[in-house]
Amino acid sequence: MAEKKEDIKDLSLDELKSRIRSLNEPPYRAEQVFEWIYKKGARSFGSMTDLPAKLRDYFTNKFFITGPEIIKKQVSRSDGTRKYLFKLNDGETVEGVLIPAKDRQTICLSSQAGCAFGCYFCASGLLGFKRDLRCGEILDQALAIQDDIGEAKAPAGSKGPAGSKRITNVVMMGTGEPLTNYDNVIKAIGIMNSPQGLGIGARKITVSTAGYIPGMKRYMQEKGQFELSVSLHAADDIKRSRLMPINKKYPLSELIAVCREYTKEKGRIITFEYILIKDVNSSPTDAQNLAKLLKGLNCKVNLIPFNAVPDFKFAPPSNKDVENFQEILEKAGISSTIRSQRGADIDAACGQLRLREAEEEKC
Ligand code: SF4
C-alpha cells in the first residue's frame with residue numbers, strides 16, 4: 001500500500017529541520033522550504049529550484065503542499081470584505097474572511113470544522129462540532145487568502161504586482177473555539193509569526209476565546225506576545241449563560257479573575273468582544289453592569305452591533321442605544337470602540353456561509 005503523504009504545513013520550522021537533519025542535509029534547507037511555501041507561494045516541491053534534486057524528490061514523495069479548494073467566495077460591494085468557503089480533504093467545510101482597510105489586511109480564520117459551544121447568536125454552532133483543524137489546515141486558509149490578494153505570487157524581493165497586498169493582521173475568530181484545539185492553533189500562529197513563515201508580528205495576531213478557562217491558563221504561559229480577546233456579550237451570569245452556554249461551566253466571576261491574572265502575568269491589555277443585541281444585552285443597565293465588571297482591568301471593549309441574519313430572531317439596537325452604551329462605559333473609564341459592520345451585503349456573520357452551503361446540499 002502506498003504511504004500516505006503528510007501535509008508539510010503541519011510541521012514547524014524546528015520539526016522540519018530535524019527531518020532534514022535525519023537525511024544528513026543541512027538544516028538551512030528547512031528555511032529554504034519555508035520561504036518557498038510561505039513567502040513565494042510555491043505549491044509544488046518541483047518549483048523549489050535552489051533545493052538539490054534528490055531533496056525535491058524526497059519531499060514530493062513524502063509530503064503535499066496543496067491546500068483546500070475554495071468552493072465559494074463572496075466579495076462585499078460596500079467595503080471589499082471577502083468571505084471564503086473552503087472544502088477540506090474529507091469534505092468538511094470551513095470559512096475564512098478578509099477584512100481590508102486602508103492600512104491593514106486582516107484575516108479571520110477558523111480553528112475547527114463546526115463548533116461545540118453553541119452560542120445562540122452564532123451560525124457556526126448550528127451544525128454542531130465536526131472536528132479540529134490540523135495546523136496545516138489553519139495555515140491553508142491564510143495562504144489561500146494571501147494568494148487571492150496577490151503578494152505571494154510576486155517575485156522574491158519585489159513589492160509585488162500593482163495592487164497586490166500582504167496580510168498584516170490575523171484573528172483566530174472564525175468557526176470554532178481556538179483554545180480547545182490548542183496545539184494546532186499555537187503551532188499555526190507560530191508559523192504565521194515566524195520570519196521564515198508569513199512574518200506577521202505577534203502583536204498583530206489575536207486568539208479569540210469564548211471563555212475556555214483551561215486554554216486561557218495555558219495561553220498565559222506562552223512566550224510570544226500574541227494578543228487575547230474574550231467574547232463577553234453579557235455582564236451577568238443569567239444573560240451570558242443564555243447567550244453562551246459555556247458560561248454555565250466557566251461563570252463570569254472565574255472568567256474575569258483569569259482575565260485579571262492574564263493582564264498582570266503578561267503585562268498586556270485584553271480585548272473584550274461585546275455583540276450588542278436589541279432588547280437582550282444593550283440597555284443602560286447592561287452597560288453599567290459591564291462597567292462594574294471590568295472596573296480596574298487593563299482592557300478595551302469592542303462593541304459590535306448585531307449583524308441581522310435570517311436564521312436568527314435577534315436584531316441590532318438603534319444607533320442611539322449603541323452610543324448611550326458606549327457613553328456609559330466611557331464615563332466609567334472603560335475604553336471602547338464601536339466596530340462598524342463589515343460585509344453587510346454578504347453572508348458575513350460567523351458560520352453563515354457554511355450554514356447556507358449545508359442547507360443547499362440538503363435541498
Ligand atoms: S461564537 Fe465562537 S464559540 Fe460560540 S458557537 Fe460561534 S464559533 Fe463557537
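Colleague: How much space lies in the largest cavity?
Modeller: About 60 Å³. A cavity here is a set of points on a 1 Å grid, over the protein atoms alone, where a 1.4 Å probe fits but cannot get out. The volume is the space filled by probe spheres set on the points, joined across faces, edges and corners.

Colleague: What model is this?
Modeller: A predicted one: local features need pLDDT of at least 70, side-chain atom pairs count only at pLDDT 80 or more, and totals for chains, interfaces and linings use all residues. Residues are numbered from 1 along each chain as its sequence is written, and side-chain values use heavy atoms, with hydrogens and water left out.

Colleague: How many cavities of 30 Å³ or more does the count come to?
Modeller: One.

Colleague: Which residues line the largest one?
Modeller: F64, T66, G67, P68, L88, N89, R134, E137 and D140, where lining means an atom within 4 Å of a point. By class that's three nonpolar, three polar and three charged; Gly counts as polar and Pro as nonpolar.

Colleague: Switching topic, what's around the ligand?
Modeller: C115, F117, G118, C119, C122, S124, G174, G176 and A210, each with a heavy atom within 4 Å of it. That shell has five nonpolar, four polar and no charged residues.

Colleague: And the sheet, what's the strand order?
Modeller: It's an open sheet of 10 strands with mixed pairing, ordered β3-β4-β5-β6-β9-β10-β11-β12-β13-β14. Strands are DSSP runs of E, at least two residues, numbered from the N terminus, and two of them pair if DSSP finds at least two bridges between them. The edge strands are β3 (69-75) and β14 (335-338), each pairing on one side only.

Colleague: How do β3 and β4 pair?
Modeller: In the antiparallel sense, over six bridges, with E69 opposite K87 in β4. They form a hairpin with six residues between them, and G80 in the turn has a positive phi of about 80°.

Colleague: And in which sense do β13 and β14 pair?
Modeller: Parallel, over four bridges. There, N302 stands opposite T337 in β14.

How values were computed. On a 1 Å grid over the protein atoms alone, a cavity is a set of points where a 1.4 Å probe fits but cannot get out, and a pocket is an open set with protein on both sides within 12 Å along at least five of seven lines; lining residues have an atom within 4 Å of a point.
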